[in-house]
Amino acid sequence: MTTVAPRIAQLPVDPSLISLAYHHEHPVQAYEFEDTLEVWSVTARIDAEVLAEDLAASSDRDDESLDAVQDVVVGRMSFVRVRMFGPDRPFEAMDAHTGDVAGIGEVVLDVAAGEWDPALEAALAHPVGDLLVMDRVVLESAWRGFGLGPVLAGAAIRRLSQGCAAVACEPGSADGRELTEDQHREAAAKLGRVWARVGFEPFQDGVHVLDCHLQRTEDLLAERRAEFSALCRTWQTHHRQ
């Protein structure tokens with residue numbers, strides 16, 4: 001926290017107000033791979049009403065300025081849950097979604113058998129359950145550099161990974177920037193270290209895997225939550241003294 005604290009004043013508003021909104025939509029009558037693959041969009045944001053209430057209690061803003069307060073978008077994430085025992089072959093469902101998700105599927109699954117890759121199955125503590133793919137995690141620029149990525153992703157994983165054996169991701173830039181090959185490798189290495197803070201470990205071919213059944217995973221998530229609480233206290237101390 002010592003590297004974050006000197007810059008805490010740069011955060012736009014109190015980070016303790018951040019909430020995660022989950023969205024998953026599916027037809028009642030499933031078609032194609034709807035019974036095998038679930039796509040979840042997660043938005044990290046601060047609700048305008050919540051922010052206005054906080055500002056009213058902690059500042060002398062007038063009603064007009066409070067009425068003008070809008071939602072604050074902190075970031076967005078996307079996850080894909082693959083049902084390993086669904087009606088379809090897992091990889092076929094992943095391949096029909098996006099190339100990035102299919103690429104992860106090729107590494108962690110035995111494509112022909114529709115099961116876990118033998119090497120991953122041997123590495124997992126309890127290789128029974130679904131697969132959760134962390135597809136994208138993108139923070140708005142004002143919220144980067146404070147360690148929020150692992151906090152928000154870890155919180156979402158904790159909600160979405162119930163009944164999963166593993167979470168997989170392929171670290172790399174997800175904000176649309178054009179990168180050279182060297183920049184891509186550097187970004188992947190940097191993000192690999194970031195995601196290691198919630199339990200991801202390198203597996204094969206650039207794919208990292210989090211074992212959902214390890215106590216270490218829970219311990220790391222608890223550490224990130226504790227860091228976030230400290231971050232919030234530091235912000236509040238600085239702005240409300």
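**Chatting about β6 and its neighbours**

Me: Hi! Which residue of β6 is the bridge partner of Arg 81?
Reply: Hello! Arg 81 has Leu 132 as its bridge partner in β6. Do keep in mind that this is a predicted model.

Me: Thanks. How many bridges join β3 to β6, and which way do they run?
Reply: Strand β3 (residues 72-82) is joined to β6 by eight bridges, and the two strands run antiparallel.

Me: And in what sense does β6 pair with β7?
Reply: With strand β7 (residues 164-169), β6 pairs in the parallel sense, over four bridges. If you'd like to find that pairing in the viewer, Leu 131 stands opposite Ala 166, and Asp 130 stands opposite Cys 164.

Me: How does the chain cross from β6 to β7?
Reply: The chain goes through helix α6 (residues 148-160) on the way from β6 to β7, and this β-α-β crossover is right-handed.

Me: Stepping back, what order do the strands of the sheet come in?
Reply: The order is β1-β2-β3-β6-β7-β9-β8, seven strands in an open sheet with mixed pairing. The edge strands are β1 (19-23) and β8 (201-204), each of which pairs on one side only. From one strand to the next, the twist averages 30 degrees.

Me: Is β6 mostly covered or uncovered?
Reply: Mostly covered: of the 10 residues in β6 (130-139), nine are buried.

Me: Which strands does helix α4 lie across?
Reply: Helix α4 (residues 99-108) lies across β3, β6, β7, β8 and β9. The angle it makes with β6 is about 140 degrees.

Me: New topic, Leu 214. Where is it?
Reply: Leu 214 is in the loop between β9 (207-211) and α8 (215-239).

Me: Why does Leu 214 count as partly exposed?
Reply: Because its relative accessibility is 34%, and partly exposed covers the range between under 20% for buried and over 50% for exposed.

Me: What separates Leu 214 from Glu 170?
Reply: Their C-alpha atoms are 20 Å apart, and along the chain Leu 214 and Glu 170 are 44 residues apart.

Me: Then Thr 217: buried or exposed?
Reply: Thr 217, in helix α8, counts as buried because its relative accessibility is 5%.

Me: Which residues does Thr 217 touch?
Reply: Leaving out residues up to four places away in sequence, Thr 217 touches Val 198, Leu 210 and Asp 211.

Notes: Residues are numbered from 1 along each chain as its sequence is written. This is a predicted model: local features need pLDDT of at least 70, side-chain atom pairs count only at pLDDT 80 or more; totals for chains, interfaces and linings use all residues. Side-chain values use heavy atoms; hydrogens and water are left out. Buried means under 20% relative accessible area, exposed over 50%, partly exposed in between (1.4 Å probe, protein chains only). Two strands pair if DSSP finds at least two bridges between them. A crossover is right-handed if, with the strands pointing away from the viewer, the path from the first strand over the helix to the second runs clockwise. Axes are lines fitted to C-alpha atoms, for helices over the stretch in contact, and angles run from 0 to 180 degrees between N-to-C directions. Contact means heavy atoms within 4.5 Å.
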